[in-house]
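Could you open the model in your viewer and follow along? We will go from one selection to the next.

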Amino acid sequence: MPAPTAPAPADLRRFLLLAVAFYALWFFGYERALAPDGRLDAALSANITTASAAALRGLGFDSSVHGLDPYLVLLNSQPVVRVGHPCNGLVLYALFAGFVLAFPGPWRRKLWFIPVGMLVIYGINVVRIGALALNHLYSHHTVEFNHHYTFTFIVYAFIFMLWMLWARRLSSPAPLPAHA
């Protein structure tokens with residue numbers, strides 16, 4: 001297998017231009033239009049809360065969503081974690097998709113890898129919220145640290161691994177079959 005080569009300057013320029021374009025799209029499309037409306041963030045936050053409570057129930061914990069606050073996870077009928085809009089994963093989905101879209105590679109692979117990657121990120125976020133709920137139940141004095149550092153590191157490490165999978169394994173065109 002040949003050693004990987006450094007990207008050509010044209011590839012790097014293309015990547016940077018696309019990254020800037022996607023950032024502008026995010027800024028004007030989300031920050032200026034969707035975020036002020038709030039409905040997308042509200043739906044995602046409520047969904048992550050519900051999925052996290054369901055995952056905890058699946059593991060045998062007495063978990064539910066507060067009846068008056070769709071972003072509040074309860075364990076043993078006690079509030080443990082409130083999912084704020086910055087923690088609903090939307091920025092992570094956009095960051096992941098933007099990288100894959102900006103990085104060279106076959107569109108056919110991008111069309112399946114982006115949704116699969118987003119599902120992986122969603123699952124990691126559900127696990128993160130559930131773990132924070134259990135953290136609050138069993139060691140509430142460490143929740144702030146784990147929320148801001150431990151779980152942030154873990155989530156970004158998974159996203160980085162997805163990016164590396166894309167950049168090193170999936171972004172290259174599939175080799176053509178050899179003819180005998």
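Strands here are DSSP runs of E with at least two residues, numbered from the N terminus. Keep in mind that this is a predicted model.

**First stop: a loop between two strands.** Select β2 (72-75) and β3 (78-82); Asn 76 sits in the loop between them. Its phi is positive, about 55°, although Asn 76 is not a glycine. With a relative accessible area of 44%, Asn 76 is partly exposed. Now click on Ser 77, which lies in the loop between β2 and β3 as well. Ser 77 also has a positive phi, near 65°, and is a residue other than glycine. Ser 77 counts as exposed, at 54% relative accessibility.

**Next stop: a pair of helices.** Show α2 (residues 39-58) together with α4 (107-139). Their axes come within 9 Å and cross at roughly 65°, so α2 is roughly perpendicular to α4. The crossing is right-handed. To see the contact, display side chains in α2, including Asn 47, Ile 48 and Ala 51, and in α4, including Tyr 122, Asn 125 and Val 126. By class, this contact of α2 with α4 has 9 nonpolar, 4 polar and no charged residues.

Which residues of α5 are buried? Phe 151 is one of them, and the others include Val 143, Asn 146, Trp 163, Trp 166 and Leu 170.

Note on methods:
Residues numbered from 1 in each chain as written. Predicted model: local features only at pLDDT ≥ 70, side-chain atom pairs only at ≥ 80, totals over all residues. Heavy atoms only, no water. Buried < 20%, exposed > 50% of the residue type's maximum accessible area, 1.4 Å probe, protein only. Helix = DSSP H or I, 4+ residues; strand = E, 2+ residues; numbered from the N terminus. Contact = heavy atoms within 4.5 Å. Axes fitted to C-alpha atoms, helices over the stretch in contact; angles between N-to-C directions. Parallel < 35°, antiparallel > 145°, perpendicular 65-115°, else oblique. Left-handed = near helix turned anticlockwise from the far one by under 90°. Nonpolar A, V, L, I, M, F, W, Y, C, P; charged D, E, K, R; others polar.
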